[in-house]
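Dear colleague,

My findings follow directly after it.

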Amino acid sequence: QLQLVESGGGLVHSGGSLRLSCAASGLTLEDYIIGWFRQAPGKEREGISCTGSRGGSTKYTDSVKGRFTISRDNAKTTVYLQMNSLRPEDTAVYYCAAVGPFRWLRRCQLYVNEYDYWGQGIQVTVSS
């Protein structure tokens, strides 16, 4: 059974950094597109970054470009989101999500309805 578990969230001051991890099990990670999403109180869930399958490229939403970096370690079946220069508006519950498997390179998208599997989410709070 495919499972995704996020870790690494918490409270950080504005300008600080956090690294989120998404530990995946029950899958061959390289065959899956993985995305990071977040949902702030009263707002819709938004896609912030993703990484394609089988060497597919990465994508970022404009608000995190230059500050966040997604990476994957297929051997460890873990996807990371390095978040630097955090701002109070980054405060949200962060989710990783997966869709696949794909036996070929496939580019990722940041649409919530593209993903079939979701982690439970983890809180990130950035204080001003």
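Of the 128 residues of the protein chain, 45% count as buried, where buried means under 20% relative accessible area, exposed over 50%, and partly exposed in between (1.4 Å probe, protein chains only). Please note that this is a predicted model, in which local features need pLDDT of at least 70 and side-chain atom pairs count only at pLDDT 80 or more, while totals for chains, interfaces and linings use all residues. Residues are numbered from 1 along each chain as its sequence is written, and side-chain values use heavy atoms, with hydrogens and water left out.

The overall dimensions come next. The C-alpha trace of the protein chain spans about 45 × 25 × 25 Å along its principal axes. Its radius of gyration is 14 Å, which agrees with the value near 14 Å for a compact globule of 128 residues; this radius is taken over C-alpha atoms, and the globule rule is 2.2 Å times the number of residues to the power 0.38. Among contacts (heavy atoms within 4.5 Å) between residues at least 6 apart in sequence, 63% join residues at least 24 apart.

As to secondary structure, the protein chain has 0 helices and 11 strands. Both are DSSP runs numbered from the N terminus: helices are H or I with at least four residues, strands are E with at least two.

Strand 3 (residues 18-25) pairs with strand 8 in the antiparallel sense over 6 bridges, and Leu18 has Met83 in strand 8 as its bridge partner. Strand 7 is joined to strand 8 (residues 78-83) by 6 bridges, and the two run antiparallel. Here Thr69 has Gln82 of strand 8 as its bridge partner, and Ser71 stands opposite Tyr80. Strand 7 and strand 8 form a hairpin with 4 residues between them, and Thr77 in the turn has a positive phi of about 45°.

The aromatic residues form a further point of interest. The whole structure contains 5 aromatic pairs; rings of Phe, Tyr and Trp (its six-membered ring) pair if their centres lie within 6.5 Å, and planes under 30 degrees apart count as stacked, over 60 as edge-to-face and the rest as tilted. Phe37 and Trp118 form a tilted pair, 4.8 Å centre to centre with 55° between the planes. This pair links distant parts of the chain, with Phe37 in strand 4 (residues 33-39) and Trp118 in strand 10 (residues 117-118), 81 residues apart. Phe37 counts as buried at 0% relative accessibility, whereas Trp118 is partly exposed at 27%.

Ring pairs link Phe37, Tyr95, Tyr115 and Trp118 into a cluster. Arg45 lies over the face of Tyr95, at 3.7 Å from the ring centre, and its charged end sits over the ring of Trp118, 4.9 Å from the centre. A charge sits over a ring if NZ of Lys or CZ of Arg is within 6 Å of the ring centre and within 35 degrees of the ring normal.

With kind regards

Definitions and conventions:
Pairing = 2+ DSSP bridges.
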